[in-house]
Amino acid sequence: MRPYTPDSINSHERSRTAIPEQLEEALRIGEQASISRPIRPIRNVIITGLGGSGIGGTIVSEIIANECPVPVTVNKDYFLPAFTGPETLVIVSSYSG
């Protein structure tokens, strides 16, 4: 484990204070996205991401839990669940690419 140094503490502080700007940028990106209607009805949603990339899925699923008309599953595995099919909307999240 690396010790905290003034540089690492400043780096963490910069990351924390950048969150509002990152959320605003994410909103802009979402508003500019061109998304067409699905060919088939969506019966369930899977948000998948490993490690830290899966945290966003957990947050989103909690925020929309009372509003989303279909089940939302957060998957933090290398493989999608067996129930994944043509009527599943799969959202893949990857911080590292």
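Which residues make a nonpolar surface patch of about 210 Å²? Hold that thought for a moment. A word on the source: this is a predicted model.

Now the patch. Ile42, Leu89 and Ile91 make it. Take Ile91. Its place is in strand E3, residues 88-92. Ile91 has a relative accessibility of 38%, so it counts as partly exposed, between the 20% and 50% cut-offs.

Next, charges. How many salt bridges does the count come to? The count is 1. Arg43 pairs with Glu87, and their closest N and O atoms are 3.3 Å apart. This pair links distant parts of the chain. Arg43 sits in the loop between H2 and strand E1, residues 44-48. Glu87 sits in the loop between strand E2, residues 72-75, and E3. The two are 44 residues apart. As for Glu87, its relative accessible area is 31%, which means it is partly exposed.

On to helix H2. H2 covers residues 19-32, 14 residues in total. From first C-alpha to last, H2 reaches 20 Å. That is close to the 20 Å expected at 1.5 Å a residue. Is H2 buried or in the open? Of its 14 residues, the number buried is 0, so H2 lies largely in the open.

Last stop, Val60. You will find Val60 in helix H3, residues 55-64. Val60 is partly exposed, because its relative accessible area is 38%. Now look across to Val72. Val60 and Val72 are 12 residues apart along the chain. Their C-alpha atoms are separated by 9.4 Å.

That's my tour. Thank you.

Notes: Residues numbered from 1 in each chain as written. Predicted model: local features only at pLDDT ≥ 70, side-chain atom pairs only at ≥ 80, totals over all residues. Heavy atoms only, no water. Helix = DSSP H or I, 4+ residues; strand = E, 2+ residues; numbered from the N terminus. Buried < 20%, exposed > 50% of the residue type's maximum accessible area, 1.4 Å probe, protein only. Expected span 1.5 Å × (residues − 1). Patch = residues over 30% accessible without salt bridge, like charges linked within 9 Å, V, L, I, M, F, W, Y side chains within 5 Å. Areas by Shrake-Rupley, 256 points an atom, 1.4 Å probe, with all protein chains shown as cover. Salt bridge = Lys/Arg side-chain N within 4 Å of Asp/Glu carboxyl O.
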